[in-house]
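Please examine the sequence and the model displayed below.

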Amino acid sequence: MLDNLKLQPIENWLKKNNWSFYDHQLETLKHSKNGFDILLVAPTGGGKTLAGFLPSLEDLVENKSPNNKLHTLYISPLKALTVDVHRNLTSPIEDQGLDIIVETRTGDTSSYKKNRQKQKPPHMLMTTPESLALLLADTKASEFFKYLKYLIVDEIHSLINSKRGDLLSLNLSRLNSITPDCKRIGLSATIKDKDSVLSFLSQKLKAKIINIEEKSKPNIDILESNNRVPWSGHMAGYAIADIYKEIKKSSTTIIFVNTRAQAELVFNKLWHENEDNYKIAIHHGSLEKEIRRKVENLMSHGELDCVVATSSLDLGIDWGKVDLVIQIGSPKGIARFLQRIGRSNHRFNQPSRALLVPANRFEYLECISAINSIQKQLIDGSTEKKGSLDVLAQHILGVACSNPFQLDELYLEIKNAWSYRNLTKDKFLEVLEFVKNGGYSLKHYEHYSKIGINKENLYAIQSSKVRSKYRLNVGTIVESYMLKVKLGRRTLGQVEEWFIEGLNEGDTFLFGGRILEYQNVQENHVIVKSTKDQHPKIPSYAGGRLPLSSELSLEVRTLLNHKKSWEEFPSQIKDWLSLQSKFSTLPSEKGLLVESFPRKINNKKRFFLISYSFEGRNANQTLGFLVSKKMQRMGYKPIGFVATEYALAIWSMNEVEDINILLNEDIMLDDLYEWLEETPLLKKNFRDAAIISGLIERKIPGQVKTGKQVIFNSDLIFNVLKKHEPNHILLQVARDDAYRGLIDLDRLSEFLKRIKNKIIYKKLDQISPLGIPLVLEINRQTINKSDVNEYFLEELESEMLDEVGLI
Amino acid sequence: MKVINFNNHQFKINNQGILLWLEKKIAIISDLHLEKGSSFASSGQFIPPFDSEETLNKLINFLKIHEVQTIILLGDTFHDGGALNRMSSKVKLIFDSLVENYEIIFVLGNHENKMKSPYIKFYERYIVDDIHFLHEAVLEKKYQISGHFHPVASLKINSKKITEKCLIHSENHIIMPAFGEFTGGLNIKNPVFKPFLNRNYYIYFLTKKSVYKFASHDIKT
């Protein structure tokens, strides 16, 4: 087969490095040439990227593609990934002197370069879904994409079932209208539902899946430490010395953590241990681009000994000679973990080596379960998401910015997008009205309509101002308002506004691996200075944000109930569990264990209720809201609760008397919808939807506040809207997002059914061994904030007035 | 509602920010910013235009229960000069009925200074007995009730921060919270408040359910 293909240059380059083509790469090439759109499913390190590009490269070499015509488009979810792939492609191209121009285009690309690319398109362009949306919203979009022959979507599994995926889905359909003959290749890691992913990519009849199984089982262990595994927390401070020993033993190590705060802390602690002066770097999304690029570059050249990273490095990046992956804290999901460990020993067919470091005792159980699941080859699934309407609104405006459209044609094109295949005409029209003028037939709003019908009976934008505003607002990742951190003249990165709000002058915190002292905020910059302090004063946010998958959760429950499996546990964990069974009892696999005990908080006696639901944090959190609402009604005065993957702890001013009424299934689900209307989460989702849909403009860093308020605060509209237009599109979106995100409704209903009549209640005099981690959790969530605050205010007010001798 | 003694006159403040001078049957509110929502249409932000209706209904409901003959609006009643024209017919009806059934005193606010209306007379300052009603407080020894600043206060309770609208009572000043449904607020920590705050002053913290009175030294943030 090789003789028929003009792959000589690529082959030469491979040979130079002692590599050769994998079967699946050639298979991809063959089927693509035969006119198939392809989804390639392979574990990380499987040479997916090259497989994706082979058809395109072969075509470019064989047919000497003309210059200044875009031939291949590569889309990936991460900026870092596009840069990395760009680097990987240019290597063979330059080496073999091929006349192929490859460029990247992301939010980091300069406007000069962006303009040049539009005038003189490269042969291959690497970009993100958001940048693609912007390109398509251009008046010259059809011209730009006219000659496109190959479209590659990388890490496609991570994009679908998200709002970013919705946006991409719409744009894929748009591209299909412009170049229907373009060939598509999707690259995906191992996932459960492959058929949906293929449909997302392509609806052609000639479309197939090429599936590569993991050839070798990964080599995973749990870190052995002589230090005590803590009760709670997420920092794994106890294990730093042991981790350092592992770094010493390996050539290049990646340490994965789940949050930016963890990355900073682990990095800081490692440097305190670093007597041998190893090159340890840190990488996360809030750092300045230059810093990130530098780390990525050093990494790929094998010049670093260790990198501490969050998910920004998570996806498919080729990592030179990584031979050890350490995961701190539970990976929270099997698929995610497999992808991460695929990174070590980046040679397909050779086992990767990974080490899990649980940060607390419960995580230990999680880690063991993760290992078991992998050995059993279980994969977590993900629920399908229907296309969001706020994203659709953004898209419709984008289409209008590109060129006037005909109503029915656009509707059909949208329906061809996999995520929107079930969109009704009515819904489409509702969204269209919203885009025009918010959906209000007020004279004043009509006057400023964004789009309207032109002389040719097509919908078009009313002014170029609409287009420029659109360009500033595009994107579906709504970040919390970020401020730039400035040390002298240097910008180190960005930090969330809410974090800074809590700081006072002189407070120290960790960022970019340094300890900084907060001075003040000027415009949109946080001014800091260096400090000699060894320990930051402000504890970083400690929570893990990733929810535990239901598959993993089930494994943990099973594990707990089989005493025999405990044999392999370290004595600390074994003792802990034994103590629990003596003092109280172990959570059951099928039913529900509920414990109650009194405890003092801030010198005030409170009553705790712990339910070991093991349903994952989302479901537990929802349960928390529901139960507390009921407790409020029943006069127990709940004050706060903590939800983890394993359990829910609620504390109240009064002691609960009847546990069975509290956890009654029927009343629960009725409360759910009512409760949902009151949550802060709904407001947050609404805010995101308001920005994505273009109702409200996005805050732009550097925008100076003038006397006149330029951007509307969405929180102010929320309550009024609920009253006057409870079915407003954006409220629909907010609710849907809440159901998907926080609620995990399916899981919760299953749970409630499961435990019916199977509640085991233990009334204790003090906290149980299993309860300790919960109570120590830093994350506290309040219920129906205003009501809780009322209790405190009452208490506080009467105290103070008593003191002063008033009332 | 909580009682405020202001220069030997008795006032009552409710949790929505309506001040009532019982003896005179005067209701005092500030910064309604009617039609603020619709004012954003010109920048392409089509804010749901229900704020005016909500704001006026809040007032109507209050008037149903309390004996009021005069309503003093302390300025920024309208978000801008075009507000009256943008009102929906429904809102216009409510507004007109208020004007018909009550004596309404419109104090002039900065948002209205370009406004020209044939049937609204604006006052720079309105005086009843020894109380001066104006939009923005001034450094005079007179007893003043004013608005303009949209005061908001934060309290730290049990390591939680709660922020709500408030009324400030500082010796000869009462600074009103903003009544408008879509109005934001300025924290009393902001230096603009300083000239008017004595060493000891009171804040009336307004929540969804009630009014809480705190002395300045209670507020740690």
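A charge is said to sit over a ring if NZ of Lys or CZ of Arg is within 6 Å of the ring centre and within 35 degrees of the ring normal. By this criterion, the charged end of B:Lys24 sits over the ring of B:Trp21, 5.7 Å from its centre. A second case is found at B:Tyr123, where the charged end of B:Lys121 sits over the ring, 4.7 Å from its centre. The model is predicted: local features need pLDDT of at least 70 and side-chain atom pairs count only at pLDDT 80 or more, whereas totals for chains, interfaces and linings use all residues. Residues are numbered from 1 along each chain as its sequence is written, chains are lettered from A and ligands numbered from 1 in the order in which they are written, and side-chain values use heavy atoms, with hydrogens and water left out.

Helices (H or I, at least four residues) and strands (E, at least two) are DSSP runs, numbered from the N terminus, and two strands pair if DSSP finds at least two bridges between them. Strands of a sheet pair through backbone hydrogen bonds, either parallel or antiparallel. In chain B, seven strands form an open sheet with mixed pairing, in the order β1-β2-β3-β4-β5-β6-β7. Its edge strands, each pairing on one side only, are β1 (2–6) and β7 (122–123) of chain B. Within the sheet, strand β3 (residues 19–21) of chain B runs antiparallel to strand β4 (residues 26–29) of chain B, and three bridges join them. B:Leu20 has B:Ala27 in β4(B) as its bridge partner.

B:Met1 is placed in the segment before β1 of chain B. Its relative accessibility is 44%, and B:Met1 therefore counts as partly exposed; buried means under 20% relative accessible area, exposed over 50%, and partly exposed in between (1.4 Å probe, protein chains only). Apart from neighbours within four places in sequence, B:Met1 is in contact (heavy atoms within 4.5 Å) with B:Lys12, B:Ile13, B:Asn14, B:Ile18, B:Leu20, B:Phe62 and B:His66. By way of reference, 28 Å separates the C-alpha atoms of B:Met1 and B:His79, which are 78 residues apart along the chain.

A pair of aromatic rings is described by the distance of the centres and the angle of the planes. Here, rings of Phe, Tyr and Trp (its six-membered ring) pair if their centres lie within 6.5 Å; planes under 30 degrees apart count as stacked, over 60 as edge-to-face and the rest as tilted. Over all chains, the structure holds 24 aromatic pairs. In one of them, the ring centres of A:Phe267 and A:Trp271 are 6.4 Å apart and the planes stand at 65°, so this pair is edge-to-face. Both residues lie in helix α12 (residues 260–273) of chain A, four residues apart, about one turn of the helix. A:Phe267 is buried, with a relative accessible area of 8%, whereas A:Trp271, with 36%, is partly exposed. The rings of B:Phe95 and B:Phe106 likewise have centres 6.4 Å apart, but their planes are at 50°, so the pair is tilted. B:Phe95 belongs to helix α3 (residues 89–101) of chain B and B:Phe106 to strand β6 (residues 103–107) of chain B, so the pair ties together parts that are 11 residues apart in sequence. Both B:Phe95 and B:Phe106 are buried. Ring pairs also link B:Phe6, B:Phe11, B:Trp21, B:Phe133 and B:Tyr143 into a cluster.

In chain A, helix α20 (residues 464–473) has A:Val466, A:Tyr470 and A:Asn473 buried. These residues cover an arc of only 65° around the axis, taken from the directions from the helix axis to the C-beta atoms, which puts them on the same side of α20(A). A:Ser464, A:Lys465 and A:Leu472 are exposed on the other side of α20(A). The buried residues of α20(A) pack against α6 (129–136), α16 (389–402) and β15 (459–461) of chain A.

Chain A as a whole contains 32 helices and 25 strands. Of its 807 residues, 58% count as buried. Among contacts in chain A between residues at least 6 apart in sequence, 74% join residues at least 24 apart.
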